[in-house]
Amino acid sequence: MTIHDLAVRADTLAVTWEDMTTSKFPTIWLRDNCPSGLHPQTRERLLDLLALEDAPVLSSAVLSGNDVQLSYADGHISQLPSSLLSQHRPGQRAADPAAIEARLWRSEHSVARYPASPILEDDTELAKWMRVTAADGLSIIEHLEYRTSAGVDVAERIDFLRKTNFGTTFEVINKPDPNNLAYTSVALPLHTDLPNQEVPPGYQFLHCLANEATGGGSLFADGFAMAEDLRVEDPEAFDLLCNVAIPFRFHDGDADILVYKPVITLGTVGDVIEIRYNAHLAGVFDMPADIMPAYYRAYRTYMHKTRDPKYRITLKLKAGEMVVFDNRRVLHGRDSFDPSTGFRHLHGCYVDRGEFASRLRLLSRQTRAF
């Protein structure tokens, strides 16, 4: 937005914009963000903030082309781009192409489907698919080649893969000596993966190579939608699930990974930003006895929602299809299947949320360049 007027005050610069609104920038902020305090190549901060006065004295401020020239009493002169002031007004977050609002959904939701080839070949199509996947937390990619690396190729269009104690990639098949229920044929109730990790994996990619057995339907539900309904219907239960940390633990012969975290994590403005729910990996509850009955009631109330058909989508994945979902939002599960009736094989990997968001920002930057 264009600057209409500048006014130097005791310890602030008042900027009036073309719509006649005014933003007040403290002089310490102005000096902290002077371009001269950044490394010319890396753009990282070099300025020692403690070398400044608590409130540097600003002598004058004038518009100079697309910059604002600031002169200070100590002789320092800054050339601040007007765009910097416009994009970073105090009290207002800068626009972020990766900050995509979650669209909550329930059982009536139709999962978006995308062919693989355009996503692999065209950055514009990649960006379209990523934005929808970020908003819904769930999408399906179709027509993948019959090879285990085909799904990885899509994931790596975003960024590097997240390695866990199960490896960089993993095979979801019925194994004779499993260390996880996913490697069996039994039903898996809705859950999020690896809540025992300090930071659980972000986006999960599950590429179906074969699904010939009887049963084995894939289940999905929007954990954010369930949490927001709980917030309205049972505020006490919602607060307990947000504020009481419980143990999540995975352990086998090679790893013993334990963390204490709440089932529901809120962001800075009170929005739900993460769900950790896995009844199989929840440890022994050890909160104080006086709140334990109330906590069990809250935990069971959320568990009831994971069993409620109004939240659940069931898909029978076909060979060549890959489901992609936000593992820290969307709960997934599986119906039991009979391995004697056919082969079932999914190949999986993860890309963390941070890398997903980074790619969205880079794609947005490329779009603006043309």
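View A. Relative accessible area under 20% is called buried, over 50% exposed, and values in between partly exposed, computed with a 1.4 Å probe on protein chains only. The model is predicted, so local features require pLDDT of at least 70 and side-chain atom pairs count only at pLDDT 80 or more, whereas totals for chains, interfaces and linings use all residues. Residues are numbered from 1 along each chain as its sequence is written, and side-chain values use heavy atoms, with hydrogens and water left out. E125 and K128 form a salt bridge in which the closest N and O atoms are 3.4 Å apart. The term salt bridge denotes a side-chain nitrogen of Lys or Arg within 4 Å of a carboxyl oxygen of Asp or Glu. Because the two residues are three positions apart in helix α4 (residues 123-136), about one helical turn separates E125 from K128. Helices (H or I, at least four residues) and strands (E, at least two) are DSSP runs, numbered from the N terminus.

View B. Side chains of opposite charge can pair when their charged atoms come close. The closest N and O atoms of the salt bridge between D222 and R329 are 2.7 Å apart. D222 belongs to strand β13 (residues 218-222) and R329 to the loop between β19 (322-326) and β20, so this pair ties together parts that are 107 residues apart in sequence. Both partners are buried: the relative accessible area is 0% for D222 and 1% for R329. A salt bridge also links R328 to E274, with the closest N and O atoms 2.8 Å apart. R328 lies in the loop between β19 and β20, and E274 in strand β17 (residues 272-275); the pair therefore ties together parts 54 residues apart in sequence. R328 is buried at a relative accessible area of 15%, and E274 is buried at 7%. Salt bridges with shared partners unite R113, E142 and E321 in one network. Over the whole structure, the search finds 21 salt bridges.

**View C. The open four-stranded sheet β10-β20-β13-β18.** The strands of this open sheet follow the order β10-β20-β13-β18, and their pairing is antiparallel. β10 (188-191) and β18 (312-315) stand at the edges with a single partner strand each, so one side of each has no neighbour in the sheet. From one strand to the next, the twist averages 20°. Two strands are taken as paired if DSSP finds at least two bridges between them. β10 and β20 (residues 330-334) run antiparallel and are joined by two bridges. L188 has R334 in β20 as its bridge partner.

View D. Strand β9 (residues 169-172) pairs with β22 in the antiparallel sense over four bridges, and E171 has H347 in β22 as its bridge partner. Strand β11 (residues 203-211) pairs with β22 in the antiparallel sense over eight bridges. Here C208 is bridged to L346 of β22.

View E. S23 is located in strand β3 (residues 22-26) and is buried, with a relative accessible area of 10%. Its side chain and that of W17 are joined by a polar contact of 2.9 Å. A polar contact is a pair of N or O atoms within 3.5 Å; within protein, one must be able to donate a hydrogen and the other to accept it, and residues adjacent in sequence count only if both atoms are side-chain atoms. Leaving aside residues up to four places away in sequence, S23 touches L13, A14, V15, W17 and R89, where contact means heavy atoms within 4.5 Å.

**View F. The packing of helices α6 and α7.** Two packed helices are described by the angle between their axes and the distance between the axes. Helix α6 (residues 223-233) packs against helix α7 (residues 235-243) at an angle of about 130°, and their axes are 5 Å apart. Axes are lines fitted to C-alpha atoms, for helices over the stretch in contact, and angles run from 0 to 180 degrees between N-to-C directions. α6 and α7 are therefore oblique to each other; angles under 35 degrees count as roughly parallel, over 145 as roughly antiparallel, 65 to 115 as roughly perpendicular and the rest as oblique. A227, L230, R231, V232 and E233 of α6 meet P235, A237, F238 and L241 of α7.
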